[in-house]
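I opened the notebook to record what I looked up, one item at a time.

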Amino acid sequence: MRYISTRGGAEPLSFADVLLEGLASDGGLFVPESWPALPSIPPGASYVDTAFAVMWPFVEGSLSKSEFAEIISEAYATFHTPPGSEPDVVPVSEVGDNQWLAEIYWGPTLAFKDIAMQLLGRLFDHELDRRGERITIVGATSGDTGSAAIDACKDREHIDIFILHPYGRTSEVQRRQMTTVTSANVHNLAIDGTFDDCQDIVKALFADEAFRREQNLSAVNSINWARVMAQIVYYVTSAGAVNQRLGREATSPVSFCVPTGNFGNVFAGYGAMQMGLAVDQLVIASNTNDILTRFFESGVMALQEVVPTLSPSMDIQVSSNFERLLFDMVGRDGSALSEMMMQFRGEGSVSVEQHRLDWLSERFVAGRYSDEQCVAEMAAHFERTGVQIDPHTAVGLGVGRSLRRSTETPLICLGTAHPAKFPDAVKQATGHSPELPVGLSDLFERPERFERCPNDVAAVRQIVRANVSL
């Protein structure tokens, strides 16, 4: 498998090189040169075995089968569902009217980002040890990516990690999961700005070729292809689980609803479709920061101000991974895509022709939920089931129910975070504070360590230079 850039100006690379590069040298994102066919997965296969089968074509040539199998096994041994629940990495349950919930948040930091990050940290370690190299990871987070990346990379011999989060715009649990980690190779930077500002700083550092090479920069954001690759797996396992539960053929179609801001999670669903998974519909669920919904409604992608909401991980206006889908939309024409992205960045908006929007609409539909609707959904779900859900999951359940084509096709909503990560919103909706799991019960007593920074690329560049252990 070789990987090409969405902008068309970088040489194709192997998986190992793409893993460490993160962002392509021309500013584009790496995608597979072609999509492999989905392997046959036997009914009842474990998550670990399915993960190996689905991902092996993407990494073959960069690792041996035994090395990759061991890395996968170690990564998902860190996942633990609570006593009495389904003992699986991604448990699936019915929530009514042929709507299902895939809980993709049972990793160490209680968010779906762990599914990719626990794998990514180990892949980094393996490849860096093989090369005898060290990297500097710089990443941006709207809340969950940062803690998942830090947990996966803390104390690793070959890595320094710098995570930028928007000051005052994450939940307290999200922030503390990052800032209470004391490992010497972990650096938290609180930026005076939005997530989009943090993301722009990271992209600017990668675009600075001299700095990038000097610090041997690498990425853990979902711009890193390995993140998307790992997320494809739970589309396959949850579809299989639902079809098996309903006594349907393994190849029967299902639909998915995905709460998303940066588009990486739902792009993994598109990747599963391209590999052959029978998906009838991919529903994109947005909050008030609805650039994706507005685009699918009008064909115009236009920036607006980021509005803080109860679902902060989706408080994003620049959905980085959307570029990967747009690349396919324009027929994998890198120069056309590059021109489109330059216009978007320069003018703040870009539009696509109706036939291209029609191509997208065959595969996707998008909707939004306000904070008021989100609270009502959390309250109704708790009253009906006695189970608390986080605000992002609530947005997904609500939007999915309103936009599904038919109740005959199972709709699988991705539950992206444990309710304890957003205690204020959950208590507002249900009247009860969600309990932190045992491993995090003392989170609010731990001392924090972070550095507040201006929204300035030069300031962040200086901090990175001063703190790396090259």
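Entry 1. Which strands does helix H16 lie across? I looked up residues 391–403, which make up H16, and found the helix lying across E3, E4, E9, E10, E13 and E14. Of these, E4 covers 99–103 and E14 covers 411–415. I noted that H16 runs at about 130 degrees to E10. The model I am reading is a predicted one.

Entry 2. I then looked up how the strands are arranged. Six strands form an open sheet with mixed pairing, and I wrote down the order as E3-E4-E14-E9-E10-E13. Strand E3 (92–96) is at one edge and strand E13 (364–368) at the other; each has a single partner strand, so one side of each lacks a neighbour in the sheet. From one strand to the next, the twist averages 25 degrees.

Entry 3. E9 takes in residues 254–259 and E10 takes in residues 279–286. The two pair in the parallel sense, over six bridges. Within this pair I found Cys257 opposite Val283 in E10. A further helix, H11 (residues 291–298), also packs on the sheet, where H11 touches E10 and E13. The direction of H11 makes about 125 degrees with that of E13.

Entry 4. What is the volume of the largest pocket? I read a value of about 890 Å³. I counted on the listing for its lining, which gives 37 residues. Those nearest the centre of this pocket are Trp106, Leu110, His418, Leu436 and Pro437. H5 provides the largest share, three residues. By class, I recorded 17 nonpolar, 14 polar and six charged residues in the lining of the largest pocket.

Entry 5. I did likewise for the second largest pocket, which holds about 640 Å³ of space. Its lining has 30 residues, and Ile41, Pro42, Val236, Gly240 and Ala241 lie nearest its centre. Helix H2 (47–59) and helix H9 (225–245) are the elements that give two or more residues to this lining. Which element gives the most to the lining of the second largest pocket? I found that H9 does, with nine residues. The classes in this lining are 15 nonpolar, 11 polar and four charged residues.

Note on methods. Residues are numbered from 1 along each chain as its sequence is written. This is a predicted model: local features need pLDDT of at least 70, side-chain atom pairs count only at pLDDT 80 or more; totals for chains, interfaces and linings use all residues. Side-chain values use heavy atoms; hydrogens and water are left out. Two strands pair if DSSP finds at least two bridges between them. Helices (H or I, at least four residues) and strands (E, at least two) are DSSP runs, numbered from the N terminus. Axes are lines fitted to C-alpha atoms, for helices over the stretch in contact, and angles run from 0 to 180 degrees between N-to-C directions. Contact means heavy atoms within 4.5 Å. On a 1 Å grid over the protein atoms alone, a cavity is a set of points where a 1.4 Å probe fits but cannot get out, and a pocket is an open set with protein on both sides within 12 Å along at least five of seven lines; lining residues have an atom within 4 Å of a point. Grid points are joined across faces, edges and corners, and a volume is the space filled by probe spheres set on the points. Ala, Val, Leu, Ile, Met, Phe, Trp, Tyr, Cys and Pro count as nonpolar, Asp, Glu, Lys and Arg as charged, and the others, Gly among them, as polar.
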